[in-house]
Amino acid sequence: NEAHVRMLSGGILAAGAVMLLRVLVVTGIINFELARLLAPVLLAAAIAIGVVSFLLVRSDPADGTGNSKALVLRNPFDLAEVLRFGALLAAVMLAVVFARRYFGDTGLLGLAALSGLADVDAMTLSAARMQGATTLAANAILLTVAVNSLAKVVYAWFAGGARIGFLSLAGTLAAMAAGAFVLFVLPVAG
């Protein structure tokens, strides 16, 4: 709906902020040291994308009086959906073992990028299960999150049009810039 482009883009970006926080919490439950390593980057990105989301939703000119079709929600606990996620998780966990064994760290990072096209949870769980708080595990999670975020921009662009895609891209790039600043600039300045 053209009248709600900012609100819809803000909603997409809010979901991105929740995804960043969810990745941090899931990682922390499994591997606290790794979560401590990821926290500054993921929190900075979540704050940045959250601010852009808030500004977009607040600036939406629609007054809520437009005609809209009824929203259809699916049950997230649908057995088929649960089985699909379980299969994806098992496939990624097996692929992580295979990629590290035969292709080393580069193979794991390549798999992280591919995994990010569809989902962040499977790679997050797999990387968090790696021993310790390794830079490799952190990089795999951050790469998965980055690719997934950019993939969602492309999906939003195709599903919602150029304006939604552009606003989603702007918010996603703000989050990536904030995360990159914390990751690359702050350690140098400190």
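Predicted model: local features only at pLDDT ≥ 70, side-chain atom pairs only at ≥ 80, totals over all residues.
**Helix packing**

Let's start with how helix α2 (residues 32–58) sits against two of its partners, helix α1 (residues 5–30) and helix α5 (residues 135–160). The table sets out the geometry of each pair.

| Pair | Angle | Axis separation | Crossing |
|---|---|---|---|
| α1 and α2 | about 165 degrees | 8 Å | left-handed |
| α2 and α5 | about 40 degrees | 10 Å | right-handed |

Helices α1 and α2 pack at an angle of about 165 degrees. Angles over 145 degrees count as roughly antiparallel, so that label applies to α1 and α2. In the contact of α1 with α2, 22 residues are nonpolar, eight are polar and one is charged.

For α2 and α5, the angle is about 40 degrees, and the two helices are therefore oblique to each other. On the α2 side, the residues that meet α5 are L34, L37, L38, V41 and L42. Their counterparts in α5 are A137, A138, I141 and L142. Sorted by class, this contact of α2 with α5 holds nine nonpolar residues, with no polar and no charged ones.

**A closer look at T172**

Next comes a residue in helix α6 (residues 162–189), namely T172. Which residues does T172 contact, leaving aside its neighbours within four places in sequence? They are L13, I49, S149, L150 and V153.

Technical notes:
Residues numbered from 1 in each chain as written. Heavy atoms only, no water. Axes fitted to C-alpha atoms, helices over the stretch in contact; angles between N-to-C directions. Helix = DSSP H or I, 4+ residues; strand = E, 2+ residues; numbered from the N terminus. Parallel < 35°, antiparallel > 145°, perpendicular 65-115°, else oblique. Left-handed = near helix turned anticlockwise from the far one by under 90°. Contact = heavy atoms within 4.5 Å. Nonpolar A, V, L, I, M, F, W, Y, C, P; charged D, E, K, R; others polar.
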